[in-house]
Amino acid sequence: MSMIAAFYGGKSILITGATGFLGKVLMEKLFRTSPDLKVIYILVRPKAGQTLQQRVFQILNSKLFEKVKEVCPNVHEKIRAISADLNQSDFAISKEDMQELLSYTNIIFHCAATVRFDDHLRHAVQLNVTATQQLLLMASQMPKLEAFIHISTAFSNCNLKHIDEVIYPCPVEPKKIIDSMEWLDDAIIDEITPKLIGDRPNTYTYTKALGEMVVQQESGNINIAIIRPSIVGATWQEPFPGWVDNLNGPSGLIIAAGKGFLRCVRATPMAVADLIPADTVVNLTLAVGWYTAVHRPKSVLIYHCTSGNFNPCNWGKMALQVLAAFEKIPFERAFRRPNADFTTNSITIQYWNAVSHRAPAIIYDFYLRLTGRKPRMTKLMNRLLRTVSMLEYFINRSWEWSTDNTEMLMSELSPEDQRVFNFDVRQLNWLEYIENYVLGVKKYLLKEDMAGIPKAKQHLKRLRNIHYLFNTALFLIAWRLLIARSQVARNVWFFIVSFCYKLLSYFRASSTLKV
Ligand SMILES: CCCCCCCCCCCCCCCCCCCCCCCC(=O)SCCNC(=O)CCNC(=O)[C@H](O)C(C)(C)COP(=O)(O)OP(=O)(O)OC[C@H]1O[C@@H](n2cnc3c(N)ncnc32)[C@H](O)[C@@H]1OP(=O)(O)O
Ligand SMILES: NC(=O)C1=CN([C@@H]2O[C@H](COP(=O)(O)OP(=O)(O)OC[C@H]3O[C@@H](n4cnc5c(N)ncnc54)[C@H](OP(=O)(O)O)[C@@H]3O)[C@@H](O)[C@H]2O)C=CC1
């Protein structure tokens with residue numbers, strides 16, 4: 001019997017960010033392994049014209065929750081969606097709901113965050129820092145609370161090369177930042193943002209670091225732990241391989257590469273691709289929840305959830321594996337054939353961006369205009385290149401994360417818990433994982449049918465032929481122009497033609513002799 005699964009039985013659990021990528025996988029695992037849990041409270045905001053109930057209904061009816069419905073048929077009765085906006089004071093939770101949360105919550109998993117790299121500092125602070133502070137204040141008023149698990153990121157200290165499982169202070173106190181965001185206007189915030197974030201690449205990593213500081217400062221008597229996952233990717237094993245539902249991290253780039261839009265990036269092939277599957281993060285999170293509540297460590301423990309030091313894979317190798325997967329599982333209606341050139345040279349990347357990205361987009365838009373359609377490819381390409389430029393920081397560097405706490409926890413688990421809540425990425429086979437990832441992107445993000453694979457393969461063959469034809473035509477035109485202008489080129493041309501002619505005559509003569 002799994003001790004961790006038993007621990008969550010009968011518990012009232014509060015999850016923020018339950019509608020997000022990680023939150024959904026967390027909720028799914030909890031229901032599947034501890035169907036006798038009492039209730040999961042989720043803080044949800046109405047969004048995109050959907051009510052709370054519609055959002056919950058959509059989640060429960062997704063493929064991700066198919067297994068849960070078998071083990072826990074009354075799952076819809078065990079989810080209690082609470083209307084909340086983490087940007088508002090008291091999260092805009094009604095008095096009755098707040099009273100219920102304060103009275104019954106046993107465990108909190110705080111996943112909500114803005115993960116946009118370019119978010120305005122005011123908004124990023126509001127969600128990643130102030131909301132964390134408010135949630136801790138709520139937590140301090142919960143008499144039955146046993147553990148508070150905060151999800152941060154392994155990149156909160158990406159300005160360092162070696163990162164220990166400790167909280168590194170930022171120069172300006174989070175409280176001062178929170179206060180200043182209340183009265184500074186947007187223009188001034190824009191001006192001071194680069195100075196505040198310092199050598200971090202974006203507001204996301206900076207505010208996640210501030211969030212950790214707040215957790216440490218406001219922990220009081222609460223049993224708190226922090227999880228720092230690296231780049232969260234599709235699921236590895238559970239509830240099934242390859243599940244993914246948003247474009248963050250590598251998923252968007254896999255689409256862009258598979259559809260042939262993105263063929264070259266500024267990336268360091270030898271840099272470690274620290275991907276971690278979503279189900280691995282969730283398994284560690286649940287194990288940490290159990291450990292923190294049962295063992296009540298004296299200080300806030302931090303757990304790195306990374307793959308680099310257990311089972312490293314670099315970007316170069318990963319790109320090859322992604323390309324190999326595209327051969328087997330091509331995406332439909334690709335714009336060009338998938339390719340992956342990595343370069344670290346600024347001039348080379350500018351050249352490739354012009355030749356491989358912008359020029360085909362302009363040509364395609366020209367074709368759309370000619371056929372009376374609205375051009376769109378250049379705009380799409382510009383947005384894609386902007387997105388890629390935001391991710392470049394992370395594909396050109398390697399980090400070392402120490403994992404003492406994570407390893408300690410692994411050794412504390414019973415063999416059964418190590419199996420049910422497996423977070424040992426040494427067992428991960430990257431080739432298999434990447435293939436399932438690409439399959440998952442095709443099925444769950446692009447919603448493409450597997451029956452269309454032969455047609456997609458044929459389309460790629462056609463693109464290859466067009467590519468050869470285009471290159472040959474381009475070569476002949478260039479050569480014809482050169483011959484017209486240069487005597488040397490003319491001589492080379494006559495030499496090649498007469499050489500070919502002689503070769504042909506030789507073969508013809510030798511075949512006549514044999515007969
Ligand atoms: C040569 C080819 C190379 C490929 C070879 C094959 C693949 C090889 C393997 C994988 C390649 C390398 C992958 C590297 C990935 C590295 C990621 C590193 C991230 C680590 C960060 C730390 C982890 C965390 O803690 S946070 C979680 C991660 N957060 C994010 O990923 C958020 C990033 N996104 C943003 O911040 C925004 O989306 C932004 C700023 C990039 C763009 O914002 P914008 O306002 O312009 O609009 P959006 O509406 O958000 O999107 C615009 C447009 O882009 C599409 N899109 C969004 N995200 C991605 C993405 N990650 N990749 C590609 N495309 C993306 C989106 O759908 C929109 O498209 P439209 O068609 O215009 O609607
Ligand atoms: N994905 C990754 O690669 C990594 C993620 N992490 C961390 O993991 C956690 C989860 O990330 P992930 O699931 O990928 O992110 P998502 O963007 O998928 O999910 C974010 C969640 O936060 C919720 N949220 C955002 N703003 C508000 C608000 N104002 N009020 C209520 N809820 C809100 C979203 O709700 P809604 O659906 O309404 O938008 C959503 O449920 C984050 O803390 C992130 O920093 C760490 C490392 C890597």
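How many residues does helix 14 have, and how far does it reach from its first C-alpha to its last? Some friendly notes follow.

1. This is a predicted model, in which local features need pLDDT of at least 70, side-chain atom pairs count only at pLDDT 80 or more, and totals for chains, interfaces and linings use all residues. Residues are numbered from 1 along each chain as its sequence is written, while chains are lettered from A and ligands numbered from 1 in the order in which they are written.

2. Helix 14 (residues 346–370) has 25 residues and reaches 34 Å, close to the 36 Å expected at 1.5 Å a residue. That expected span is 1.5 Å times one less than the number of residues. Helices (H or I, at least four residues) and strands (E, at least two) are DSSP runs, numbered from the N terminus.

3. Helix 14 has a kink of about 35° at R358, shortly before the proline P360; the bend is the angle between axes fitted to the seven residues ending there and the seven starting there. Just after helix 14, G372 takes a positive phi of about 75°.

4. Around ligand 1 there are 33 residues, the closest being T153, N248, G252, A257 and F394 (near is a C-beta atom, placed from the backbone, within 6 Å). Helix 11 (250–258), strand 9, helix 13 (315–328) and helix 15 each supply at least two of the shell residues.

5. Ligand 2 is surrounded by 28 residues, with G17, T19, G20, L86 and A113 the closest. Helix 2 gives the most to this shell, with three residues.
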